[in-house]
Amino acid sequence: MRASTAFNRILQLPGASVCSVELTDDAIVVGIRARQKRLCCPDCGYRCRGRYDQSRRRWRHLDMGSCRLFLEATIRRLACPNCGVRTETVPWARPGARHTRDFEDMVTWLAQRTDRTSVSRLMRCSWEAVTRIIIRVVADHLDQIRLDEIYRIGVDEIGYRFGHQYLTVVGDHDTRKVVWVAEGRTQQALQGFFDKLGAKQTAKLKAVSMDMTTIYSEAVRQAAPKATICFDPFHVIQWANRALDSTYASATSGRGSPVMTARQWKRARWALRVGQERLTADRRKLINTLRRTERRLFRAWELKEMLRDLYRTVQPKDAHRYLTAWITTARRSKIPAFVTLAGRIERHFDGIVAAVRLGLSNGLIESLNAKIRLINARGYGHHSATSLAAMIYLCAGGIRVELPTPR
């Protein structure tokens, strides 16, 4: 059997046939010839027969044993009337790549599961080449389809480098995948998502969950005025806990008193932070002691628990009435921290009620942010937002890369 025939059967290259094989000290160079006669523009798909010029090019393929394997072929350029002079598209490699599709798919499949340094050593290529391959493959797999059926999204920011370097992350509540990543924590970063989504699909958005950051809420009101903004319940309860801490800090009569020792007073702080349904017998005893000796602090704890009930026991249809009554009760308590909290909640009233009524929170985005932090740590940090965004799409965007080996 001739070497060219053997390599044709081994490699099974799409749209090409082996015409020569050359063995060197540490590599195998396989000369191939494309079967297609017509040239294809990589940008617009324009096809023609006449070439502008041609040159010899080499692509890295999957290793064969201990030897690196390269494909070498004559590649032509065409004069596209729409895009200008472009290099033709070849079926065994992506446009502009110096690695074959099989090699890039293998690298990307491994990058989904381990760090880039290990991928670089295993595939015997540079760390920078792994990054470029990931960006190229993600751009090839990331299509407009992921944005076609979106109607409930969550928005949040995440810091990825020191010096207040942020990414804006948009997730789909239904597919639970990342659908948009942009550099910065600005209205422009989120506006880029709406521009990509298009006016027709943006008009179909029903709800957007977020924290109380005015940057994103203003962008949503301008781009999607019909969408309902839902403020995350976690941040509302976090406000209540901070108000409770402030009230605890101002209450000093229980420290070292005969009723409650300094150690019990310290333990009472954590008892106040725990949800009522999770109180142990000892902590419930401390709360009952506060009820007798620290009425103001106990009342602050009751207000916190009443606000928690908004998300735990109150029916969605009753949320508006219940929250209105809570604001009135908090103001009448004359506890400074909770009076301030009542005004803060009143300013975000509609978004808080909408979150209860629709049952939405930013828990999805927070879980995606935890995954993004793991991705960033696994890569020992990323030097650019572009490389990190590509990894986020690859690992959390629903991209599925098939291994070339089953074929």
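Predicted model: local features only at pLDDT ≥ 70, side-chain atom pairs only at ≥ 80, totals over all residues.

Colleague: Leaving aside neighbours within four places in sequence, what is Arg308 in contact with?

Modeller: Arg308 is in contact with Ile237, Gly275, Gln276 and Glu277, where contact means heavy atoms within 4.5 Å. Residues are numbered from 1 along each chain as its sequence is written, and side-chain values use heavy atoms, with hydrogens and water left out.

Colleague: Fine. Where does Arg308 lie, and is it buried or exposed?

Modeller: Arg308 lies in helix 11. Helices here are DSSP runs of H or I with at least four residues, strands are E runs of at least two, and both are numbered from the N terminus. Arg308 has 15% relative accessibility, so it counts as buried. The cut-offs are under 20% relative accessible area for buried, over 50% for exposed and partly exposed in between, with a 1.4 Å probe and protein chains only.

Colleague: And how are helix 11 and helix 12 arranged?

Modeller: Their axes come within 10 Å and cross at roughly 165 degrees. That makes helix 11 roughly antiparallel to helix 12. The axes are lines fitted to C-alpha atoms, for helices over the stretch in contact, and angles run from 0 to 180 degrees between N-to-C directions. Under 35 degrees is roughly parallel, over 145 roughly antiparallel, 65 to 115 roughly perpendicular, and the rest oblique.

Colleague: Which residues meet there?

Modeller: From helix 11 you have Arg299, Leu303, Met306, Leu307, Asp309 and Leu310, and they meet Ala319, Tyr322, Leu323, Trp326, Thr329 and Ala330 of helix 12. By class, that contact has nine nonpolar, one polar and two charged residues. Nonpolar covers Ala, Val, Leu, Ile, Met, Phe, Trp, Tyr, Cys and Pro; charged covers Asp, Glu, Lys and Arg; the others, Gly among them, are polar.

Colleague: Which residues touch the most other members of the largest nonpolar core?

Modeller: Phe193, Trp326 and Ile345 do, in a core of 102 residues. Helix 16 (residues 385-396) supplies the largest share of this core, 10 residues. There's also a second, separate core of 16 residues that includes Phe7, Ala73, Ile75 and Trp92. A nonpolar core is a set of buried Ala, Val, Leu, Ile, Met, Phe, Trp, Tyr and Cys residues joined through side-chain atoms within 4.5 Å.

Colleague: What is Ile345 in contact with, leaving aside neighbours within four places in sequence?

Modeller: Val236, Trp239, Leu307, Leu323, Trp326, Ile327 and Ile352. Take Val236 from that list: Val236 lies in helix 8 and has 1% relative accessibility, so it counts as buried.

Colleague: Ile352 sits in helix 14, I see. Why is helix 14 largely enclosed by the rest of the structure?

Modeller: Because seven of its 10 residues (349-358) are buried. These are Phe349, Gly351, Ile352, Val353, Ala354, Ala355 and Val356. Their cover includes strand 12 (228-231), helix 8 (233-250), helix 11 (295-312), helix 12 (319-332) and helix 13 (336-347). Just after helix 14, Gly359 takes a positive phi of about 70 degrees.

Colleague: Back to helix 16. How does it cross helix 4?

Modeller: The axes of helix 4 (residues 127-141) and helix 16 come within 9 Å and cross at roughly 55 degrees. The two helices are therefore oblique to each other. Thr131, Ile134, Ile135 and Val138 in helix 4 meet Thr386, Ser387, Ala390, Met391, Tyr393 and Leu394 in helix 16. That contact has seven nonpolar, three polar and no charged residues.

Colleague: New topic, backbone. What is phi of Gln12?

Modeller: Near 50 degrees, a positive value in a residue other than glycine. Gln12 is in the loop between helix 1 (3-11) and strand 1 (16-23). Its relative accessibility is 45%, so Gln12 counts as partly exposed. Arg176 also isn't a glycine, and has a positive phi of about 60 degrees. Arg176 lies in the loop between strand 9 (165-172) and strand 10 (178-183).
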